[in-house]
Structure formats: C-alpha cells, structure tokens
Amino acid sequence: MEEIDPILERRAREEKQSKEKSLQAIIFVLIAVVVVALGVLAYIWIQKNALVSDLETDKQVLTEQMISLQKDYDSLSSDYETINSQLDTSRAEVAELIDRIKKTDATNRRKMRQYEKELGTLRSIMRNYIVQIDSLNTLNHKLTADAAAARREAAASKKAQKALSEQVENLSGQVAAGSVIKARGLRMVAYNKSDKETDRSSRVVRFLTYLSLVENDLAPRGPVRVYIRVKDPDGVILTNNEQVSFTLNGETMIASASREVDYQGKEVEMSIYLNDIPSFTKGIYTVEAYTEQARLGVAELMLR
C-alpha cells in the first residue's frame with residue numbers, strides 16, 4: 001500500500017482551511033451588504049411615509065383655512081345689490097376651491113401651491129370687500145347727516161329747502177347708481193380654424209368673448225380697457241405670449257387677453273379674442289371679465 005506524504009497532506013488541509021475561511025469572509029461580506037441595503041430601503045420608506053404624512057397635514061391645514069375663509073365670507077353682508085352679487089360670486093369660488101382641494105391628492109405639490117395662491121387672492125378680495133362696505137357705510141352715514149342738516153336749514157326758507165332737497169336727492173341717486181361701469185350678456189364661444197363655432201376640444205383654435213358695457217350716466221367718459229381671465233377645467237389661467245396683466249383694488253392680476261373701447265356713458269357691445277393657445281382639453285372653461293375698477297361677470301363654456 002502506497003504511503004501518503006505527511007507534508008502533502010498538511011498542505012492539502014491548510015489549502016482547504018484557507019478556502020473555507022475565504023468562503024466565510026465572502027458570506028460575511030454579502031450578509032453585511034444585505035443588511036446595509038435593507039437599512040437603506042427602510043430609511044427611504046420611513047422618509048417617504050414621513051413626507052406623505054407632512055403633505056397630508058399641509059392639505060388638511062389648507063382645507064381648514066379655506067373653510068375658515070368660507071365662514072368669513074358668509075358673515076359678510078351689504079345693503080348694496082352690486083356688492084351682494086360680487087359676494088355671491090366669491091362665495092361660489094371659495095366653495096369650488098374647497099371641493100378641488102378635497103379631490104386633489106396631497107402629493108400633487110403644483111396644485112397645492114396653486115391653491116395656496118388662490119387662497120391668498122380670495123383673502124385679499126375679502127379684505128377689499130370689507131374696506132368697500134365700511135367706506136360705503138361711512139359715506140351713507142355722512143350723507144344721512146348732511147340730509148338731516150339740509151332739512152333743518154331748509155325750514156328757514158322754502159326756496160332754500162327746495163334747493164337743498166334737490167341736492168340730497170342727487171347725492172342719494174349718485175350713491176344708489178354708482179359710477180362703476182357694469183356689463184351684461186357675458187358669454188364665450190369657441191371657433192375652429194375655419195372660423196366656425198365648435199364645441200370639440202380637438203378642433204378649437206381660439207376663444208371669443210362677447211359682452212356689453214351697460215349705459216351709466218355717472219361713469220367717467222373715455223377709454224376703458226376690459227380684461228378677461230380664461231381658466232381651463234383644472235382652474236389654470238390660459239395665457240399667450242402677450243403677458244397681459246392689470247391692477248384691481250391694488251392687486252396685480254394676470255389676464256388672458258384685453259381690449260380697449262371708447263366709453264361715453266352709452267351701451268357698448270364688444271368682443272375679445274384669445275388666440276395662440278397650444279391645445280384645449282375636454283371640460284368646462286370659465287371666463288371672467290374685469291375693468292381696473294370692478295369685476296364685470298363670469299361665464300362658462302363646455303368643450304367635448
């Protein structure tokens with residue numbers, strides 16, 4: 001029987017032990033890599049859940065702020081039909097914005113930032129309403145006091161009484177009628193490239209808004225620029241390269257288009273084109289008309 005060389009046998013054992021140690025080291029390294037990878041994945045998952053939770057909290061806070069603003073609007077009241085009509089429109093905008101916020105995913109940061117800006121705009125508009133109502137109430141108190149003084153003075157002279165009565169009636173009529181230009185018949189129509197009306201979103205190339213500035217003898221004469229703000233079904237204002245803007249109650253607002261007309265106190269029919277919009281989607285489009293003194297009205301257009 002052939003004898004085994006002890007030296008060769010020892011070398012074989014050493015080589016086997018070395019391979020086993022190398023294999024163990026590789027296994028330990030792989031285990032460490034897996035542990036680290038699991039740790040990184042767990043950290044990312046925790047951070048993602050924390051971010052989603054923060055966004056949900058921000059959405060809840062924004063919703064509560066809008067509901068609070070809605071209550072503030074509900075508490076406002078006025079003795080003036082024009083202001084009441086404007087308040088009703090603003091209340092509808094607040095309710096619509098609350099509904100849009102509730103339906104929007106909290107992770108949609110672009111929409112949430114847009115809603116925050118709209119919240120700021122509605123707050124500013126409400127402050128302007130408060131100032132306007134207070135100013136009109138103050139003016140009414142002053143006119144009431146002036147009328148009472150005029151009646152007392154008129155008791156000394158019939159002729160003076162007649163003149164002062166006419167003055168009071170003129171002042172009261174001016175407050176009732178107001179000097180702000182108003183509008184009626186606001187509507188928006190979509191046209192295709194053949195310049196024919198259409199309600200198919202894929203064929204629309206331009207919008208045309210119609211309205212009439214109504215007669216008002218107390219309104220100032222001269223050039224009047226009318227601005228329109230057209231919002232798509234997502235509430236985003238449509239704009240082209242003209243970059244139109246205007247100031248209303250001290251606040252700068254972006255407009256979709258504008259046109260200037262010569263207003264001489266008589267009714268003026270006018271229309272405003274909105275061109276160069278890349279594409280249109282299905283849904284309800286809203287057009288709001290303004291001058292730099294007041295909001296003229298709102299209308300809607302459905303595209304299929």
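**View 1. Confidence across the predicted model.** pLDDT is the predictor's confidence in each residue, on a scale from 0 to 100. The protein averages a pLDDT of 83, and 88% of its residues score at least 70. Among the elements, strand E8 has the highest mean pLDDT, at 97, while helix H4 (residues 158-177) has the lowest, at 62.

**View 2. The largest nonpolar core.** Here you can see 30 residues that form the largest nonpolar core of the protein, with Phe 207 and Leu 213 making the most contacts inside it. At least two residues of this core come from each of strands E1 (183-191), E2 (206-213), E3 (222-231), E6 (257-263), E7 (268-274), E8 (283-290) and E9 (295-303). A second, separate core has 19 residues, among them Tyr 80, Val 94, Leu 97 and Tyr 129.

**View 3. The surroundings of Phe 207.** Beyond its neighbours within four places in sequence, Phe 207 touches a set of residues including Met 188, Val 189, Val 230, Leu 238, Ile 272, Phe 280, Tyr 285 and Leu 301.

**View 4. Asp 232, a buried acidic residue.** Look for Asp 232 in the loop between E3 and strand E4 (244-248). Asp 232 is buried but has no salt bridge: Lys 111, the nearest side chain of opposite charge, is 5.9 Å away. A polar atom of the Asp 232 side chain does lie 2.9 Å from the backbone nitrogen of Asp 234. Leaving aside neighbours within four places in sequence, Asp 232 is in contact with Leu 238, Ile 284 and Tyr 285.

Definitions and conventions: Residues are numbered from 1 along each chain as its sequence is written. This is a predicted model: local features need pLDDT of at least 70, side-chain atom pairs count only at pLDDT 80 or more; totals for chains, interfaces and linings use all residues. Side-chain values use heavy atoms; hydrogens and water are left out. A nonpolar core is a set of buried Ala, Val, Leu, Ile, Met, Phe, Trp, Tyr and Cys residues joined through side-chain atoms within 4.5 Å. Buried means under 20% relative accessible area, exposed over 50%, partly exposed in between (1.4 Å probe, protein chains only). Helices (H or I, at least four residues) and strands (E, at least two) are DSSP runs, numbered from the N terminus. Contact means heavy atoms within 4.5 Å. Lys and Arg count as positive and Asp and Glu as negative; His and the chain ends are not counted. A salt bridge is a side-chain nitrogen of Lys or Arg within 4 Å of a carboxyl oxygen of Asp or Glu. A polar contact is a pair of N or O atoms within 3.5 Å; within protein, one must be able to donate a hydrogen and the other to accept it, and residues adjacent in sequence count only if both atoms are side-chain atoms.
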